[in-house]
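Colleague: I am new to this structure and would like to learn how to read a few of its features. Could we go through them on the model itself?

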Amino acid sequence: MFGWWSDAFAWLMARARSIQVLRGEALSGRQRVLRILGAAGPAGFWLLIFFLVPLLLILGVSFLSRGELGTVETPLTFEPYRRLAGFGLLGFDPLYPIILARSVVLGAGTALLCVICALPMAFFIAGLRPTWKTAALTLVIIPLWTNLLIRTYAWQLLLAPEGFLSRAAAALGLIEAGAGLYPGAAAVYACMVCDYLPFMVLPLYASVEKLDWSFAEAAMDLGANGWNVFRHALLPQIKPGLFAGCLLVFLPATGQFVIPDLLGGAKTSMIGNAIQQQFLASGDWPFGSAIAVVSLGVVMLGLWVFTRQSREEMELL
Amino acid sequence: MPDVAEVTQSDTPSVEAPAGVSTPAVEVTGVSRAFSGVRALDNVSLTIGRGEFFSLLGPSGCGKTTLLRIIAGLDLPDSGSVRLGGRDVTHTPAHRRPVNTVFQSYALFPHMTVRDNVAFGLRMKKLLAPEIDRRVVEGMEKTSIIELAARRPTQLSGGQRQRVALARALVNEPEVLLLDEPLAALDLKLRRQLQVELHALQRRLGITFILVTHDQEEALALSDRIAVLHGGHIEQLANGRALYERPRTRFVAQFLGTCNLLPGTVREVRGETIVAATDLGELAAPLEKGRRKFSAGEQCTLGVRPEKIILREAQGELRPGEHEASILDVVYNGPDTDLSLQLQSGSLKLQVCCLNANLRASNRQSGQRLIVTRMTEENLIVLDD
């Protein structure tokens, strides 16, 4: 039995060595293609099935029309896009561009607030002793183990008129007595930041952890005050983490609709609500698809501009 | 706790800070610093004159970099004070001190071009753009990096980075320039070349330079005065020649170059001369004023530099004070040869360095016999410990 094992092991080792030997050599085109497929194939296949095909389906559906009973039917049309731009059945009404803008503002606002909260946290955690560091990082991650809805309902209770936060705010004269902090924009942002903060803290922490402080000392030595030391010596170093964190927060926060719905008082519609409504309530798949395609396009465009600006600096680091 | 005056006075007259200056550039008084219980600096005091090229020399961990960082304001002393140009800056943050540092790693900002790196200090001072441009160009010309202006630090060689770091510090026209092992990362030839440039630059600018180094040759070649640090305190502060010719302690004698130690017993002390019985017989050695007192019968150590021992061929009679020795080991260095000698009488071994002045001198073989001639008084050193 062990003989069989050792034979197999020897064969594996021999193969490993032959790959090693081949690595430096010139490969034929066919060999190269086979090798790349072998290495990247499974991941590529996964992307194809679960990402590219659904995306193309959505794109295709967005150019079709809605059938009587919510089915998707042929004549190919630009109608969903026309409606999306505001030229609906009842004349011009830029409802959907406004919803999209509102969602982008929510995403960007959440990302900004997360940056403001996460920066001091990342520096604080990076400065802790190793054992405390692990504990602090665990504490940052723990909220993610709770269901999103439960966290949102918890905020409802916390910010309700009879909750102590509302009473405290009323006592300080920030809000009318008897009124609640919820529903409202403040409640939405509080919950959004609470939910997405870990996605900002973790990549930022990773950058702060490996900061080279000699640049900070050099800047200080050359006469830079606290803010300038941060801006010129530290910020360029943590930019990759900041960039990753902003992506991780902005993208899902833009599509978020449960929190604005539950804490914003269901008065405002977000892009997520709009898509969900078209697919489920109205049964208008082409229109829902069009909203999805356009919002994806807008976000991608924004990201492209963002990346292009930071690329030069990213390359240096 | 010795005060500043005492430290400078106790040096030989030739090693005092340049005279004719009202306030010294740097005064460090009783500075101590400990890192998690380990003393990095222990009650260090020194005074550095304006326009002086001063070196802090010592092995790694002797506290020299800590002292430099305290002067720069990048670290705070646990006790003691730092004055720059007569002004107490002990609690002044680094960015408000009139000093600039060339860091060992250079710490050039990787996301900025050479020009922006050099301009950084002036921008922080909020000078007007034309003024900044003028001084940046001037600074880059002085350090001959003007053609590198548009490059990034990653596109520079070690020597070029070193020059950029120097220019970045010098454009701010600091009262004191601090250099933390600025040449340590460079290869020998480039290091020697940049040493010459650094020395010329300091003479031309007249700025006070404080150089931290563990390279004794570098310190000797560049400095007006050198403080040898050991275990967080100043072992000896003097000019290079005095340190090499008249080291006070075993540590200084052996850290700067090589030194043969001759343990002995004091026979008598006559004014500025001490006579001791050693393995090489009775030897007289000079003991300057202000040195610690020795009394007859006390154990002492004399030192003698390898190149100050004169050898002659083993021919003829032994004259008084001469000793026969055989060669144990030969290291040929080109211009000179290092010999390990074993004395015939006793167990003493000597390191001798002799100039390869002729073919016979350059062709020593181990086992060969030679005669160590009489040691002259001026070539012997009395060590405190």
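Colleague: Which residue in β17(B) stands opposite S326(B)?

Modeller: In this predicted model, the residue of β17(B) opposite S326(B) is Q342(B). The strands involved are β16(B), residues 323–332, and β17(B), which pair in the antiparallel sense over seven bridges.

Colleague: Which residue in β18(B) is the bridge partner of Q342(B)?

Modeller: That partner is K349(B). Strand β18(B) covers residues 349–355 and is joined to β17(B) by seven bridges, again in the antiparallel sense.

Colleague: Which residues take a positive phi in the two hairpins?

Modeller: Between β16(B) and β17(B) there are three residues, and G334(B) has a positive phi near 95°. Between β17(B) and β18(B) there are five residues, and there G346(B) has a positive phi near 80°.

Colleague: Why is β17(B) described as largely enclosed?

Modeller: As a general idea, side chains in a regular strand alternate between the two faces of the sheet. In β17(B), residues 336–343, six of the eight residues are buried, so the rest of the structure largely encloses this strand.

Colleague: Now the helices. At what angle do α4(A) and α10(A) cross?

Modeller: The axes of α4(A), residues 95–126, and α10(A), residues 226–255, cross at roughly 135° and come within 9 Å. The two helices are therefore oblique to each other, and their crossing is right-handed.

Colleague: Which residues make the contact?

Modeller: Among them are L106(A), V115(A) and F123(A) of α4(A), and F230(A), L234(A) and F250(A) of α10(A). The contact residues comprise 16 nonpolar, four polar and no charged.

Methods: Residues are numbered from 1 along each chain as its sequence is written. Chains are lettered from A and ligands numbered from 1 in the order in which they are written. This is a predicted model: local features need pLDDT of at least 70, side-chain atom pairs count only at pLDDT 80 or more; totals for chains, interfaces and linings use all residues. Side-chain values use heavy atoms; hydrogens and water are left out. Buried means under 20% relative accessible area, exposed over 50%, partly exposed in between (1.4 Å probe, protein chains only). Helices (H or I, at least four residues) and strands (E, at least two) are DSSP runs, numbered from the N terminus. Two strands pair if DSSP finds at least two bridges between them. Axes are lines fitted to C-alpha atoms, for helices over the stretch in contact, and angles run from 0 to 180 degrees between N-to-C directions. Angles under 35 degrees count as roughly parallel, over 145 as roughly antiparallel, 65 to 115 as roughly perpendicular and the rest as oblique. A crossing is left-handed if the near helix is turned anticlockwise from the far one by less than a right angle, and right-handed if clockwise. Contact means heavy atoms within 4.5 Å. Ala, Val, Leu, Ile, Met, Phe, Trp, Tyr, Cys and Pro count as nonpolar, Asp, Glu, Lys and Arg as charged, and the others, Gly among them, as polar.
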